[in-house]
Amino acid sequence: MDLLDYYRGKRVLVTGHTGFKGSWLTRILTLAGAAVTGYSLEPSEDPALFHLLRLGETMDHRRGDITDLDHLMQVFEEIRPEIVFHLAAQPIVRESYRDPVYTYETNVMGTVHVLECIRCHPSVYSFVNVTTDKVYANREWEYGYRETDRLDGYDPYSNSKSCSELVTHSYRQSFLDEQGCAVSTCRAGNVIGGGDFAHDRIIPDCVRAAAAGEPVIVRNPRSVRPFQHVLEPLYVYLLVAKEQAERAECAGNYNVGPDEMDCVCTGRLAELFCEKWGGGISWTEKGDGGPHEAGFLKLDCSKIKSVFGWKPLYHIEEALEKTVEWSKAWLGGADMRSVTDRQIREFFDSRS
């Protein structure tokens, strides 16, 4: 069975559906024929991918704060979801330094609330909590972190996501295994792709600079990150949710990242972006004395490759080509739902 065929007619709840990854995931599920409900705050960016794709017209869009347990519980009661993807979060490292309390409230207690709703609604049989590659105690090692390495994120964002992992593990052991709900966490690397308009992220900064005809400013060009196209981890979330529903022994914790050859430093990423964009744009280094960020981060993804036979589809050059293609179409006034749908179909057709 094709992966997307599995979701046809399924009742699926996506928290954080108005965000970058959430919007892409919601559109994939809608194209697959799922009955999709999203629960999220309105997007904070302007423009926002959620609005560009007009997703509010194509799904059950519920406006709500993940920290509001009563409202979230009401939504669960109304829609009785079968599969839940938890993406709602405060996702920016620098923002977590500016507002650590909000970051912990959203990323930790938000996870508690989603899990409590699942505990109270046995209709849910598969749950995927999306965390981050930054959950590990970063030793600046040159090898990739494995799922068995210690959780201990440094900054409030990373640490709150480590806490989210621990909360998920506790609910799984205490309640959800016995209830028959399969639970996994997915620790994804740095995600790039069209439609990311966040601040303090390298690719949105690149697109804004290119659109303005200005040099791209890179704060930490020697920082190594596991960059991957947004469709790579979304495919994995869908795969994990399906497989663990059919084989409970597949549930667990999974790293999701690119192959070793595609883990590049931020300077190299900016250089490749400039090459793909064309027009003579360039990048320059300009540190701003900001807070601590890890200098070297890789993931060992051998576990998910072994369990599911998965491997990335796009190399870093192809990921950037798709990102540039989408961004130029947006700047040119194209129908971005059509552009996004085409990229989704190209990716999943290549997978099948």
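Which residue stands opposite Ser126 in β6? In this predicted model, in which residues are numbered from 1 along each chain as its sequence is written, that residue is Ala182.

Helices (H or I, at least four residues) and strands (E, at least two) are DSSP runs numbered from the N terminus. Seven strands form an open, parallel sheet in the order β3-β2-β1-β4-β5-β6-β11, two strands being taken as paired if DSSP finds at least two bridges between them. At the edges lie β3 (60-63) and β11 (253-256), each of which pairs on one side only. Neighbouring strands of the sheet are turned by 20 degrees against each other on average, direction ignored; axes are lines fitted to C-alpha atoms, for helices over the stretch in contact, and angles run from 0 to 180 degrees between N-to-C directions. Helix α6 (residues 100-119) packs on this sheet and touches β1 (11-15), β4 (83-86) and β5 (126-130), contact meaning heavy atoms within 4.5 Å. The direction of α6 makes about 175 degrees with that of β4. Strands of a sheet pair through backbone hydrogen bonds, either parallel or antiparallel. Between β2 (residues 35-40) and β3, the parallel pairing extends over four bridges, and Ser40 has Arg63 of β3 as its bridge partner.

Strand β6 (residues 182-188) is largely enclosed by the rest of the structure, because seven of its seven residues are buried; buried denotes under 20% relative accessible area, exposed over 50%, and partly exposed in between (1.4 Å probe, protein chains only). Both faces of β6 are covered, with Ala182, Ser184, Cys186 and Ala188 buried on one side and Val183, Thr185 and Arg187 buried on the other. On the β5 side, β6 runs parallel to its partner and is joined to it by five bridges. The parallel pairing of β6 with β11 comprises four bridges, and here Cys186 stands opposite Tyr254.

A nonpolar core is defined as a set of buried Ala, Val, Leu, Ile, Met, Phe, Trp, Tyr and Cys residues joined through side-chain atoms within 4.5 Å. The largest such core has 58 residues, and those with the most contacts inside it are Tyr7, Trp24, Leu29, Phe85, Leu238, Ile304 and Phe348. Helix α9 gives the most to this core, with nine residues. In soluble globular proteins, nonpolar side chains tend to be buried together. Not counting residues up to four places away in sequence, Leu238 touches Leu3, Leu4, Tyr7, Leu25, Ile28, Leu29, Phe85 and Phe348. Helix α9 is largely enclosed by the rest of the structure, since 14 of its 16 residues are buried. The end C-alpha atoms of α9 (residues 231-246) are 23 Å apart, which agrees with the 22 Å that its 16 residues should span at 1.5 Å a residue; the expected span is 1.5 Å times one less than the number of residues.

Ser162 is placed in helix α7 (residues 156-179) and counts as buried because its relative accessibility is 4%. The side chain of Ser162 reaches the backbone nitrogen of Gly153 at 3.0 Å. Apart from neighbours within four places in sequence, Ser162 is in contact with Val135, Leu151, Asp152 and Gly153.

Helix α8 (residues 202-212) contains Val207, which is buried with a relative accessible area of 9%. With neighbours within four places in sequence set aside, Val207 is in contact with Phe273 and Ser327. The buried residues of α8 are Ile202, Ile203, Pro204, Cys206, Val207, Ala209 and Ala210; these pack against β7 (191-192), β8 (216-218), α10 (266-277) and α12. Following α8 is Gly213, whose phi is positive, near 70 degrees.

Glu317 lies in helix α12 (residues 316-331) and is partly exposed, its relative accessible area being 32%. When residues up to four places away in sequence are not counted, Glu317 touches Asp262, Leu272 and Lys276. The C-alpha atoms of Glu317 and Leu41 are separated by 33 Å, and these residues are 276 residues apart along the chain.

Methods. Predicted model: local features only at pLDDT ≥ 70, side-chain atom pairs only at ≥ 80, totals over all residues. Heavy atoms only, no water. Polar contact = N/O pair within 3.5 Å; in protein donor to acceptor, adjacent residues only side chain to side chain.
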